[in-house]
Amino acid sequence: MDLEATRDLFANLRENTDWDLATPLLWGYYFVHSTPDRLQALAATLEAQGYAVVELFEQEPEEGDAPFHVLHVERVEIHDEASLDLRNQELAALASQTGVEDYDGVDVGPAPTLQ
């Protein structure tokens, strides 16, 4: 996800949600690898950095594609375009350093509220 895509994400959020982007939101981050082993190691590293592991699963491949695994982690954070771009760069670099095939991007939603 490059800076232009990050800017598009924020523009879309401003246009289509009533979320206050200056407050904490729940940011989800995704990693992809052909086998689960490297993703399991990455999950442990990210947990130590304060991320919550949501799931590690095998994705059903499209016809003709090889199976692959997805790691989904999340953390409640405040981001603007620049800070999210930096986070994406950091996570892509971490994926590369740990031998994970791909940092696959981000999603966002409202932060959970305490009841």
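**From the fold to its salt bridges**

Over residues 4–105 the chain is 42% helix and 30% strand, with the end C-alpha atoms 13 Å apart; the model is a predicted one. An unreviewed UniProt entry annotates residues 4–105 as "domain: Regulator of ribonuclease activity B".

Beyond its neighbours within four places in sequence, Phe10 is in contact with Leu21, Trp27, His79, Asp80, Glu81 and Leu84.

Turning to the charged side chains, the count comes to four salt bridges. Among them, Arg14 pairs with Glu81, with the closest N and O atoms 3.1 Å apart. Because Arg14 lies in helix 1 and Glu81 in helix 3 (residues 81–97), this pair ties together parts that are 67 residues apart in sequence. Arg14 has 48% relative accessibility and so counts as partly exposed.

Glu77 forms a salt bridge with Arg75 (2.8 Å, N to O), and another with Arg87 (2.6 Å, N to O). The latter pair links distant parts of the chain, since Arg87 is in helix 3 and Glu77 in strand 3 (residues 68–77), ten residues apart. Arg87, at 15% relative accessibility, counts as buried, as does Glu77 at 8%. Through shared partners, salt bridges join Arg75, Glu77, Arg87 and Glu90 into one network.

Note on methods. Residues are numbered from 1 along each chain as its sequence is written. This is a predicted model: local features need pLDDT of at least 70, side-chain atom pairs count only at pLDDT 80 or more; totals for chains, interfaces and linings use all residues. Side-chain values use heavy atoms; hydrogens and water are left out. UniProt positions are given in the numbering used here, feature names are shortened, and annotations may be inferred rather than shown by experiment. Helices (H or I, at least four residues) and strands (E, at least two) are DSSP runs, numbered from the N terminus. Contact means heavy atoms within 4.5 Å. Buried means under 20% relative accessible area, exposed over 50%, partly exposed in between (1.4 Å probe, protein chains only).
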